[in-house]
Amino acid sequence: MKNRSSWRGTLVVVFAIGAGWIDYMGWPLYGLITLAAEQSNLPNRPRAGAVVQDPNCPGNDNHALMCRLVNEYRAKHGLKPVQLDDAVTREAQYWSDQLNRQSACWFLYHDDNYHARMRARFPGRRFRENAACSGSTGGGARFILRKWIDSSGHRENMLTPEWKTIGVGVTRNIWVIDFTN
């Protein structure tokens, strides 16, 4: 009897930890299921190799892709696009690299020196930052964008009308976007 009780107690603890993890991090397959549904529901979707042209987001890399996705999202809300900016991208890339070096994927945090660093780099401008990690799901830019859309603070950052530029940093599975006016 004691072994069965011990086994049940262990199962309860494992279940509680798993439920807490899912509550904190979200269901890991949510973005993948959403992405698959989006792909299957769009019959006129460009082929994977096709690149949608956006003069505000030149290039074919992940930086340009995230910029285009953010601009598509802003356009759906009647907002002007943001321009991918090299200097702002360097700042976003710096923080993405730092988080990656610290293996901070599951415990993302914002840089304590962010405001001072951005004020020094971009005097007189306002700025905001979003950071997210796709974890082990392998989710890319669309997965991360969905995480930000589902978060009221991150969504507000993306839908601030005054933003004119965006910087995108991506290191492995850690994504950072910085907006400035």
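Trainee: Is Asn-130 buried or exposed?
Mentor: This is a predicted model, in which local features need pLDDT of at least 70, side-chain atom pairs count only at pLDDT 80 or more, and totals for chains, interfaces and linings use all residues. Residues are numbered from 1 along each chain as its sequence is written, and side-chain values use heavy atoms, without hydrogens or water. Buried means under 20% relative accessible area, exposed over 50%, and partly exposed in between (1.4 Å probe, protein chains only). Asn-130 has a relative accessible area of 0%, so the residue is buried.

Trainee: Which strand holds Asn-130?
Mentor: Strands are DSSP runs of E, at least two residues long, and helices are runs of H or I, at least four; both are numbered from the N terminus. Residues 127-133 form the strand that includes Asn-130, and that strand is β2.

Trainee: Which side chain makes a polar contact of 2.7 Å with the side chain of Asn-130?
Mentor: A polar contact pairs N or O atoms within 3.5 Å; within protein, one must be able to donate a hydrogen and the other to accept it, and residues adjacent in sequence count only if both atoms are side-chain atoms. At 2.7 Å, the partner of Asn-130 is Asn-157.

Trainee: What does Met-158 touch, leaving out residues up to four places away in sequence?
Mentor: Contact means heavy atoms within 4.5 Å. Asn-130 is one of the residues that Met-158 touches.

Trainee: How many residues does the largest nonpolar core have?
Mentor: A nonpolar core is a set of buried Ala, Val, Leu, Ile, Met, Phe, Trp, Tyr and Cys residues joined through side-chain atoms within 4.5 Å. Met-158 is among those with the most contacts inside the largest one, along with Met-66, Val-70, Ile-166 and Ile-177. The core's residue count is 23.

Trainee: Which element gives the most to this core?
Mentor: Elements giving two or more residues are α3 (62-76), α6 (141-149), β3 (165-171) and β4 (174-180). With 6 residues, the top contributor is α6.

Trainee: Where in the chain is confidence lowest?
Mentor: pLDDT is the predictor's confidence in each residue, from 0 to 100. The chain's mean is 78. Over residues 18-51, pLDDT stays under 50. The lowest confidence, at a mean of 38, is in helix α2 (residues 30-40).
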